[in-house]
Amino acid sequence: MPRLQRILIANRGEIAVRIIHACHDTGRTAIAAYADPDADALFVHLADEAYALHGVDAKSTYLNIDAIIETAKKAHADAIHPGYGFLAENADFAEAVAAAGMAWIGPGADTIRMLGSKVEARRIAAEVGAPMAPGTTEPVRDPSEVVAFAERHGLPLAIKAVYGGGGRGLKVVHRLEDVREAFMSATHEAELAFGNGDCFIERFLARPRHVEVQVLGDRTGSVVAVGTRDCSLQRRNQKLIEEAPAPFLPDEITRRLESAAVAICKKACYESAGTVEFLVDPDGTMSFMEVNTRIQVEHPVTEAVTGVDLVAAQLAIAEGARIREIPGLEDGCTPAVHGHAIEFRINAEDPALGFVPFPGTVDGLRVPTGIGVRFDSGVEAGGTIPGQFDSMLAKLVIAAPSREVCLARARRALAEIAVAGIPTVVPFDRAVLEQPAFVAEDGDFGVYTRWIEEEFLPSVDVAALSGGACGRRAAPTDPVESWIEIDGRRVRLGLPAGLASLASLAAGLSDSGESDMQSAFLAPRMSDSGESDNHGGGTPLESTITGTLVRWLADDGAQVCEGDSIVVLEAMKMETEIAASASGTLHRSAKVGDFAQYGENLGFIE
């Protein structure tokens with residue numbers, strides 16, 4: 001197969017930067033495709049060429065197959081790398097790339113479709129003898145089906161997006177009365193994040209570890225396990241800290257998981273990088289979860305302990321290389337592991353406020369340095385974290401000869417890192433490294449998938465974990481630096497702030513009326529309206545995140561009780577429920593679709 005030289009990256013943020021690095025390391029041209037909020041993002045600056053997708057949200061840009069294919073043709077791309085998230089596990093996208101005459105850097109469309117359906121993946125896992133918990137083999141269409149499953153198999157249970165990942169579209173139900181709202185929320189999140197709201201259900205293990213196996217496969221049918229990772233430290237079912245190899249895991253369990261992962265992927269004719277995820281109970285019970293048919297966020301810890309460049313391997317395999325031709329895998333077997341590595345996802349979230357996401361501007365960034373320290377960032381000082389996308393701004397990866405040294409090195413690096421302008425989870429990371437359950441000096445590793453919510457947060461002073469939640473900012477008065485695009489290349493220019501605002505308004509005008517840009521610019525914040533701030537002596541209902549109101553759970557004028565969940569906001573593809581802080585009559589001032597800043601009033605309780 002001819003060399004793939006021009007690689008279009010159908011993604012954004014940190015993973016786009018990572019792919020750009022791999023392209024440059026292997027002598028290839030990296031091409032960025034970006035949404036309007038990412039026009040000044042780091043990955044756009046680092047790419048050799050950059051093309052606008054002309055949209056403000058994921059649906060019109062990074063999830064828009066037609067727009068990406070058109071952009072790739074315009075850029076004369078040889079191949080498309082989807083990264084993770086967005087369209088990375090979309091079989092239709094993989095087929096569209098091939099139909100357009102370009103190479104797809106990932107597993108084939110049939111494999112994605114087969115393993116991307118979690119019910120089909122469970123069937124394959126059963127065929128090869130992989131262990132797993134009871135669950136449905138078809139998507140559920142109604143909350144009553146969930147109730148019937150719970151009555152048959154018991155609680156708790158998990159409602160999971162069929163095409164989901166990253167914790168989106170996953171809800172755990174502990175009470176039958178919570179089924180309806182959990183089902184609606186899971187399907188809504190799945191539709192937002194993956195364009196498909198189908199969900200299935202399975203029995204939920206209460207205190208398991210999350211252990212996964214990295215795999216690589218080639219076109220000849222060879223599949224190799226490239227080690228294990230532990231990803232048990234999660235909140236809202238999204239990972240925060242990951243490490244490789246999975247610590248304190250008996251050798252027989254490691255071998256069983258790696259063997260099952262390879263068998264599943266061979267059965268599915270797997271090509272490229274992928275991850276097979278399992279749950280491991282304290283009693284040694286193992287349960288297959290899913291296969292992620294893409295590169296994983298936490299892949300750097302595997303790279304650190306094996307020496308295998310997984311993204312470069314993806315590029316080589318897409319060109320037809322065999323596993324034995326990948327540096328570090330010359331013998332075709334699982335590579336030897338050297339030392340230990342831990343990854344910390346640096347998210348724009350405030351742990352003291354329930355890990356709610358905070359879009360905003362990174363005013364300052366101090367990056368830790370030193371031996372064994374890797375900082376994969378999707379943003380630089382002065383960059384922004386848009387509210388439309390994921391909250392992760394960087395990954396701090398620490399490698400060392402042993403887990404003990406790795407923990408010490410991580411403490412030092414986390415003490416050095418500093419982010420100004422937005423809250424981050426760094427205070428949480430520092431606190432976790434002092435927890436006996438995580439450090440496990442005696443070998444008793446006490447972390448499991450709900451450890452943060454059930455044990456860590458109740459035992460610490462949550463206020464001490466504050467990442468520094470920020471208030472709203474005044475309108476800019478300094479000159480605004482902007483850009484224009486000419487044939488995929490950007491030219492920068494500066495404008496006074498007032499003139500820049502007028503230019504934004506003018507750009508939004510159209511013959512048919514207000515465009516999305518103009519509407520967004522002219523729409524007042526809810527706090528700018530006297531009506532929304534006037535709560536008539538009642539208790540204000542304040543937004544606990546910066547995001548979009550997607551659903552009211554109580555009618556205007558309804559009687560609500562303190563602690564009741566009454567409204568749902570969405571930010572960075574995750575939903576957050578806001579509870580009543582008092583009992584009384586609800587008076588709603590915000591409506592579905594409104595954008596709320598942190599602390600703004602959505603109504604009041606009389």
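Student: Which residues does Phe43 touch, not counting residues up to four places away in sequence?
Tutor: The model is predicted, so local features need pLDDT of at least 70 and side-chain atom pairs pLDDT 80 or more, while totals for chains, interfaces and linings use all residues. Residues are numbered from 1 along each chain as its sequence is written, and side-chain values use heavy atoms, without hydrogens and water. With contact taken as heavy atoms within 4.5 Å, Phe43 touches Asn11, Arg12, Gly13, Ala16, Val17, Ile20, Ala32, Ala33, Tyr34, Asp38 and Tyr62.

Student: How many residues form the largest nonpolar core?
Tutor: Such a core joins buried (under 20% relative accessible area, 1.4 Å probe, protein chains only) Ala, Val, Leu, Ile, Met, Phe, Trp, Tyr and Cys residues through side-chain atoms within 4.5 Å. Leu8, Phe43, Ile80, Phe93 and Leu216 touch the most other members, out of a total of 71.

Student: How many residues make up the other core that lies apart from it?
Tutor: Ile342, Val362, Leu414 and Phe456 are among the members of this other core. Its residue count is 42.

Student: Is Pro82 buried or exposed?
Tutor: Pro82 sits in the loop between strand E4 (79-81) and helix H4 (91-99), both being DSSP runs numbered from the N terminus (helices H or I, at least four residues; strands E, at least two). Leaving aside neighbours within four places in sequence, Pro82 is in contact with Ala10, Asn11, Leu87, Ala88, Trp104 and Ile105. Because its relative accessible area is 3%, Pro82 is classed as buried.

Student: What separates the C-alpha atoms of Pro82 and Phe93?
Tutor: Along the chain, Pro82 and Phe93 are 11 residues apart. Their C-alpha atoms are separated by 9.3 Å.

Conventions
Buried < 20%, exposed > 50% of the residue type's maximum accessible area, 1.4 Å probe, protein only.
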